[in-house]
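Please read it alongside the sequence and the coordinates shown here.

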Amino acid sequence: MPFLAKQDLEKLTLSPAMLQALTNADDTVFTEAEAAASGIIKLYADIEEPASAADAPEWVKLPAAWLVARILLGRLPDINPDLLREARANWNTAVEILQRHRPRRRSESAPSTGTISGMLTLSGETK
């Protein structure tokens, strides 16, 4: 039940080095990293994991790829420092995107103001 499938990667805007690291990953390792990323997505975005990657909302695919990339790159012994820096920055951006898409509870909603009909004003008039 993933948010991202390996075949989705080609459609995303990823740097060439990031795309190569993801597409070259062993399928089992990619699946494990995607499962870990799915847990993070569910935590930060508070959304249910889809039955298949095809059913995942489009907005979640790029953040999912960034999370998977950071998890995968963390397992590699010799990693390019620039790629690791990119992965860390992308991770932070992914978390921000997920948090922005998190459904707001009523208590988290912005307060609203207005006039209540039949309310008395300080002058004693009824509105």
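**Overall fold**

Among contacts in the protein between residues at least 6 apart in sequence, 71% join residues at least 24 apart. The model is predicted, and the protein in it holds four helices and zero strands, so that, by the element definition used, the order from the N terminus is α-α-α-α. Of the 127 residues in the protein, 34% are buried.

**Helix H3**

- Helix H3, covering residues 58–73, has 16 residues and reaches 24 Å from its first C-alpha to its last, which is close to the 22 Å expected at 1.5 Å a residue.
- H3 is mostly covered, with 12 of its 16 residues buried, and among them are Trp66, Leu67, Val68 and Ala69, together with Lys61 and Pro63.
- The cover over the buried residues of H3 includes helix H1 (16–23), helix H2 (27–45) and helix H4 (81–101).

**Packing of H2 with H3**

- Two packed helices are described by the angle between their axes and the distance between the axes.
- The axes of H2 and H3 come within 8 Å and cross at roughly 125°, which means that H2 is oblique to H3.
- H2 passes H3 in a right-handed crossing, and the residues of this contact divide into 15 nonpolar, no polar and one charged.
- On the H2 side, the contact residues include Phe30, Glu34, Ile40 and Ile41, while those on the H3 side include Trp59, Val60, Leu67 and Ile71.

How values were computed
Residues are numbered from 1 along each chain as its sequence is written. This is a predicted model: local features need pLDDT of at least 70, side-chain atom pairs count only at pLDDT 80 or more; totals for chains, interfaces and linings use all residues. Side-chain values use heavy atoms; hydrogens and water are left out. Helices (H or I, at least four residues) and strands (E, at least two) are DSSP runs, numbered from the N terminus. The expected span of a helix is 1.5 Å times one less than its number of residues. Buried means under 20% relative accessible area, exposed over 50%, partly exposed in between (1.4 Å probe, protein chains only). Contact means heavy atoms within 4.5 Å. Axes are lines fitted to C-alpha atoms, for helices over the stretch in contact, and angles run from 0 to 180 degrees between N-to-C directions. Angles under 35 degrees count as roughly parallel, over 145 as roughly antiparallel, 65 to 115 as roughly perpendicular and the rest as oblique. A crossing is left-handed if the near helix is turned anticlockwise from the far one by less than a right angle, and right-handed if clockwise. Ala, Val, Leu, Ile, Met, Phe, Trp, Tyr, Cys and Pro count as nonpolar, Asp, Glu, Lys and Arg as charged, and the others, Gly among them, as polar.
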